[in-house]
Amino acid sequence: MTTLTIAMHGVTGRMGTNQHYIRSILAIMRQGGVVTEDGQTIKIKPVLLGRNESKLRQLAETVATAEIGHPVDWSTDVDAVIADAGTDIVFDSSSTQMRASIVRQAIEHGKAVYCEKPIAIDAKEAFQLAKECESAGVKNGVVQDKLWLPGVRKLRMLRDQGFFGDILSVRGEFGYWVFAGEEPNQTVQRPSWNYRREDGGGMMIDMFCHWQYLINDLFGPVKQVLAHAVTDLPERIDETGKPYKCTADDSAYALFLLENGLTCQFNSSWATRVRRDDLLTVQVDGTKGSAVAGLRECWTQSLASTPRPIWNPDIPQPINFYEGWQKLPDATQYDNAFKIQWELFLKHVAAGAEFPWSLRSGAAGVLLANAGETSSSQQRWVTVNDKEHA
């Protein structure tokens with residue numbers, strides 16, 4: 001049996017608390033660890049790190065006791081815990097601008113690195129971090145959770161089974177209305193730094209990193225991008241109740257041209273109201289059939305069941321277009337997407353299992369986001385070229 005000590009920095013944030021700490025790490029501890037292919041058991045020991053002592057204590061003591069029956073360790077001395085000889089993995093889910101310093105501390109002390117995306121706001125810095133991990137020989141990974149969403153896994157299964165025939169196009173719709181905080185009964189759902197470019201915020205730098213690995217995994221590498229970014233709400237209310245100027249894009253619209261000639265279009269917005277199946281839907285159209293995947297569900301329509309609509313605006317639409325789709329059944333039990341990747345990374349660190357979702361793959365997402373930003377500012381197609389960062 002192996003026990004890995006994980007220094008978890010940034011767990012007081014929404015994503016760090018819910019997805020990484022409670023639904024991944026504590027869930028893994030509750031199930032007794034992770035079993036490798038050869039039957040070994042990997043146990044984990046988290047140490048929560050940050051600056052907010054009261055939040056850390058509440059997570060480490062109250063939350064952990066409720067979830068697993070006992071408290072876990074915590075500390076505000078980030079440097080000491082990272083440097084400690086007993087620490088095996090350094091995880092970071094803090095703000096993007098802090099990430100490089102945490103990653104470099106881990107590298108300096110020979111620790112395995114696992115972190116949220118984006119790993120930087122600039123592709124040059126992102127690839128440099130990847131190179132430093134590789135040069136130091138430390139195992140490293142970046143969170144790419146959407147690859148394990150049930151809806152995406154169902155899409156992948158359909159692709160592998162040849163359901164689509166020749167894939168013709170892909171369309172992604174993402175987003176929801178993020179309240180500005182001006183109404184007392186409609187509080188904000190996201191931290192204020194997300195809407196300040198100078199603090200690493202922005203739709204492109206956040207979501208294009210997701211679209212890069214999702215598109216690459218399902219359909220192939222992106223060759224070119226044509227994008228347009230918008231700051232829809234010029235002012236929002238911060239955590240202290242004070243108004244602040246929004247300097248980052250909160251909506252982005254993009255065409256991604258893949259190396260195989262396929263076109264993917266993705267609309268991403270925090271200023272849209274949802275009238276679709278889920279907060280993220282990905283539609284794939286092919287010669288033999290189409291599918292629309294949400295976070296968990298996936299609906300299909302084969303060529304044989306495709307309706308024949310008639311354009312006639314003078315009468316009510318006689319076809320209910322939702323009725324022609326069939327929901328795929330769950331073929332297996334789907335675990336939390338973040339937890340699945342955590343388990344794979346733990347196997348990578350403890351047993352050398354394959355883990356291709358490295359910082360270098362995360363840097364490719366930053367490269368696409370930067371290309372989107374250039375395309376938007378210059379209003380032109382931009383080629384995504386990672387060869388200069390090889």
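For angles, axes are lines fitted to C-alpha atoms, for helices over the stretch in contact, and the angles run from 0 to 180 degrees between N-to-C directions. Helices (H or I, at least four residues) and strands (E, at least two) are DSSP runs, numbered from the N terminus.

Also, please keep in mind that this is a predicted model, where local features need pLDDT of at least 70 and side-chain atom pairs count only at pLDDT 80 or more, while totals for chains, interfaces and linings use all residues. Residues are numbered from 1 along each chain as its sequence is written, and side-chain values use heavy atoms, with hydrogens and water left out.

Let's start with the sheet. Nine strands make an open sheet, in the order S17-S16-S15-S14-S8-S13-S12-S9-S18, and the pairing is mixed. On the edges sit S17 (326–327) and S18 (382–383), each of which pairs on one side only. By pairing I mean that DSSP finds at least two bridges between two strands. In general, strands of a sheet pair through backbone hydrogen bonds, either parallel or antiparallel.

Here's one pairing up close. S14 (residues 280–286) and S15 (residues 289–293) run antiparallel, joined by four bridges. Gln283 has Val292 in S15 as its bridge partner.

Now the helices on that sheet. Helix H6 (residues 150–160) lies across S8 (167–175), S14, S15 and S16 (298–302), and runs at about 30° to S16. H9 packs on the sheet too, touching S9 (222–230), S12 (251–258) and S18, with its direction at about 55° to that of S9.

Let me stop at one residue in S15, namely Ser290. Is Ser290 buried or exposed? At 12% relative accessibility, Ser290 counts as buried. The cut-offs: buried means under 20% relative accessible area, exposed over 50%, and partly exposed in between, using a 1.4 Å probe and protein chains only. The side chain of Ser290 makes a polar contact of 2.6 Å with that of Asp285. That term covers a pair of N or O atoms within 3.5 Å; within protein, one must be able to donate a hydrogen and the other to accept it, and residues adjacent in sequence count only if both atoms are side-chain atoms. Leaving out residues up to four places away in sequence, Ser290 also touches others, including Phe163, Phe164, Trp299 and Trp325.

Next, strand S1, at residues 2–9. Six of its eight residues are buried, so S1 is largely enclosed by the rest of the structure. S1 runs parallel to S3 (residues 41–49), with eight bridges between them, and Ile6 stands opposite Pro46 in S3. S1 also pairs with S5 (residues 89–92), again in the parallel sense, over four bridges. There, Ala7 has Val90 as its bridge partner.

On to rings. How many aromatic pairs does the structure hold? There are 15. Rings of Phe, Tyr and Trp (its six-membered ring) pair if their centres lie within 6.5 Å; planes under 30 degrees apart count as stacked, over 60 as edge-to-face and the rest as tilted. Take Phe208 and Phe256: their centres are 5.4 Å apart and their planes at 75°, so this pair is edge-to-face. Phe208 is in helix H7 (residues 203–218) and Phe256 in S12, so the pair ties together parts that are 48 residues apart in sequence. Phe208 is buried at 0%, and Phe256 is buried at 0% as well. Phe256 pairs with Phe266 too, with centres 6.1 Å apart and planes at 55°, so that one is tilted.

Last topic: charges. Side chains of opposite charge can pair when their charged atoms come close. The rule for a salt bridge is a side-chain nitrogen of Lys or Arg within 4 Å of a carboxyl oxygen of Asp or Glu, and the count here is 20. One of them joins Glu67 and Arg30 at 2.9 Å, N to O. Glu67 is in H2 (residues 53–68) and Arg30 in H1 (residues 14–30), so the bridge ties together parts 37 residues apart in sequence. And Arg104, Glu125 and Glu132 are linked in a network of salt bridges.

That's my tour, so over to you!

Note on methods. Contact = heavy atoms within 4.5 Å.
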